[in-house]
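Thank you all for coming; I would like to walk you slowly through one structure this morning. Please have the sequence and the 3D view open while I talk.

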Protein chains: 2
Amino acid sequence: MCFQSYIVIMIRLTSAEENYLKAVYHLSQEGKTTVSTNDISSEMKTKPASVSDMLRKLAEKEVIDYRKYYGVNVTENGKKYALQIIRKHRLWEVFLVEKLRFAWDEVHEVAEELEHIKSPILIQRLDEYLGHPKFDPHGDPIPDEYGDVKARPRLPLNELAINDGGQIVAVKDSSAAFLRYLDKVGAYIGARIKVLDKVEFDGSLEILVDNKKTLFMSKDVAANILVLQQ
Amino acid sequence: MCFQSYIVIMIRLTSAEENYLKAVYHLSQEGKTTVSTNDISSEMKTKPASVSDMLRKLAEKEVIDYRKYYGVNVTENGKKYALQIIRKHRLWEVFLVEKLRFAWDEVHEVAEELEHIKSPILIQRLDEYLGHPKFDPHGDPIPDEYGDVKARPRLPLNELAINDGGQIVAVKDSSAAFLRYLDKVGAYIGARIKVLDKVEFDGSLEILVDNKKTLFMSKDVAANILVLQQ
DNA sequence: ATATTATTTTAGCTTTATCTAAATAATATT
DNA sequence: AATATTATTTAGATAAAGCTAAAATAATAT
Ligand SMILES: [Mn+2]
Ligand SMILES: [Mn+2]
Ligand SMILES: [Mn+2]
Ligand SMILES: [Mn+2]
């Protein structure tokens, strides 16, 4: 006899609530556990007043803990819910790139809409159809149906020392502008790189890509490229 | 030198407005050109008061002609817009059945959400990916990007005479209940059929399917099966 | 021609998600 | 410690999409 475990999330959020929860979750992953109203406001491009309103609703639905004036924390339920939205977002991104030949800089906005389609069977079948991918086109890990994430250790490229090498596994910034820049210079997920030189003065780097091409980049660019050191 | 023609629809409707427009368009295709508030109300499962409100908005955006108390007509712009939503709905249905192994009775609700995703490139690529299908899983024609529809002549099965034959090309009712019933008895799009007998009393029929199986069905069922007579 | 019924619209209310402006709490500076 | 600044919340508005109840209009039946 075999007991199967199910994730039952009885909470039902609107698309707007889902977007806010995702933002809070992402902000909470960047170091500090408690997220401020203003942080959320700039992330969501809405006014702080709107954020306060929304936080009340999210606290009501128990996906965040909210202490007025002191910021918010995502609850366990909230984390599970957020990870399911992230799962859907990233699976759709894979679909768009792998099946519909979208470029990696074209998928974010569309996935931002697709992630809100409510159909458990849809996402399960999509996952199957895509062959259970573990990473999205930007190298971000895709949580499984239970919310478990296989994280790869990764490091901003600017933190490598001269002669350190590795492989590009993700980008921190997924904006179209940045991704198109990477396309242009020939940096891509999976590329093998080695730091040839680092300029003391401004932190810019000289990088060898795939043992073929050398490439100069500013510290700011390098900080948004994540590598698996080898 | 070559001039390309574009369809430029500058109108932007909300999802709710799109759903109403589609309903008005579908009702206007069923015979009478002018559609009443009550018809729309029962189609949309909303109250007539809500319909009146919405009609004002749709008239404002010039997708319908609206004479208070006398019903509505879809404008040329409205037809083009409606056909684009229908195109998206049916392409997504094909995707769900062909690629994600959905049953034909499981696709409608999800497509009802997917059809509102706004991305011209998405739908163009999806169409390409699916091989420019001409019909959806229920046999309904898929309008092309200009709104042109390749209509097949089709006839309700109950209107065939004894010994008439043909091929099932579509269903009029796409409800899960009806489709599952057809699955059970083995009627499917593409099946070759022949009318073996018609009962005078209640209009029920005896049908030969694929020269193999005989099948009895009520007039009501037959009226919802559309055939291409041969 | 008028009265009755059915249909449709209007008026006014609710919820969600946004905003601006005003109030208040927390933090920083003298 | 008092005051100034910044962050956050509250109050009050608006727009979308629905509702109910009441009023208006059209269709029909007498
Ligand atoms: Mn989103
Ligand atoms: Mn991504
Ligand atoms: Mn819809
Ligand atoms: Mn269909």
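Predicted model: local features only at pLDDT ≥ 70, side-chain atom pairs only at ≥ 80, totals over all residues.

Let me begin with a convention about residue classes: Ala, Val, Leu, Ile, Met, Phe, Trp, Tyr, Cys and Pro count as nonpolar, Asp, Glu, Lys and Arg count as charged, and the others, Gly among them, count as polar. With that convention, the residues of the surface near DNA strand C divide into 10 nonpolar, seven polar and five charged.

Of the atoms of DNA strand C that come within 4 Å of the protein, sugar and phosphate account for 75%. For A:Tyr70, the distance from an N or O atom of the side chain to a phosphate oxygen of DNA strand C is 3.2 Å.

Which element gives the most to the surface near DNA strand C? The answer is H3(A), with five residues. At least two residues each are supplied by helix H1 (15-29) and H3 of chain A, together with helix H2 (37-44) and H3 of chain B.

Now please turn to DNA strand D. Sugar and phosphate make up 81% of the atoms of DNA strand D that come within 4 Å of the protein. The side chain of A:Tyr66 has an N or O atom 2.4 Å from a phosphate oxygen of DNA strand D, while for the side chain of A:Ser52 the corresponding distance is 2.6 Å. From chain B, a polar side-chain atom of B:Lys57 lies 3.3 Å from a phosphate oxygen of DNA strand D. The elements that give two or more residues to this surface are helix H2 (37-44) and helix H3 (48-60) of chain A, together with helix H1 (15-29) and helix H3 (48-60) of chain B. Among these, H3(B) gives the most, with four residues. By class, the surface near DNA strand D has 10 nonpolar, seven polar and three charged residues.

The next topic is the metal. The manganese ion that is ligand 1 is coordinated by A:Asn19 through OD1, by A:Glu112 through both O and OE, by A:Glu115 through OE and by A:His116 through NE2, at 2.0 to 2.4 Å. Along the sequence, these donor residues are spaced N-x92-E-x2-E-H.

Are A:His116 and A:Glu112 buried or partly exposed? A:His116 counts as buried because its relative accessibility is 9%, which is under the 20% cut-off, whereas A:Glu112, at 23%, counts as partly exposed.

In chain B, the manganese ion that is ligand 3 is coordinated by B:Asn19 (OD1), B:Glu112 (O and OE), B:Glu115 (OE) and B:His116 (NE2), at 2.0 to 2.3 Å. B:Asn19 lies in helix H1 of chain B and B:Glu112 in helix H5 (residues 108-114), so this pair ties together parts that are 93 residues apart in sequence. B:Asn19 is partly exposed, with a relative accessible area of 22%, and B:Glu112 is likewise partly exposed at 22%.

One residue of chain A deserves a separate look. A:Asp105 is found in the loop between helix H4 (76-98) and helix H5 (108-114) of chain A, and it is buried, with a relative accessible area of 12%. Its side chain is joined to that of A:Arg180 by a polar contact of 3.0 Å. Leaving aside residues up to four places away in sequence, A:Asp105 touches A:Ala176, A:Leu179, A:Arg180 and A:Asp183.

Finally, let us consider how the chains meet. In chain A, 20 residues are in contact with 20 residues of chain B. The area buried between the two chains is about 1,800 Å², and carbon and sulfur atoms give 66% of it. Of the area that chain A buries against chain B, A:Leu100, A:Arg125 and A:Tyr129 supply 29%, more than any other three residues.

Key:
Residues numbered from 1 in each chain as written. Chains lettered and ligands numbered in written order. Heavy atoms only, no water. Donors = N, O, S within 2.8 Å, 3.2 Å for Na, K, Ca; no water. Buried < 20%, exposed > 50% of the residue type's maximum accessible area, 1.4 Å probe, protein only. Near = heavy atom within 4 Å. Polar contact = N/O pair within 3.5 Å; in protein donor to acceptor, adjacent residues only side chain to side chain. Contact = heavy atoms within 4.5 Å. Buried area = accessible area lost by both parts, 1.4 Å probe.
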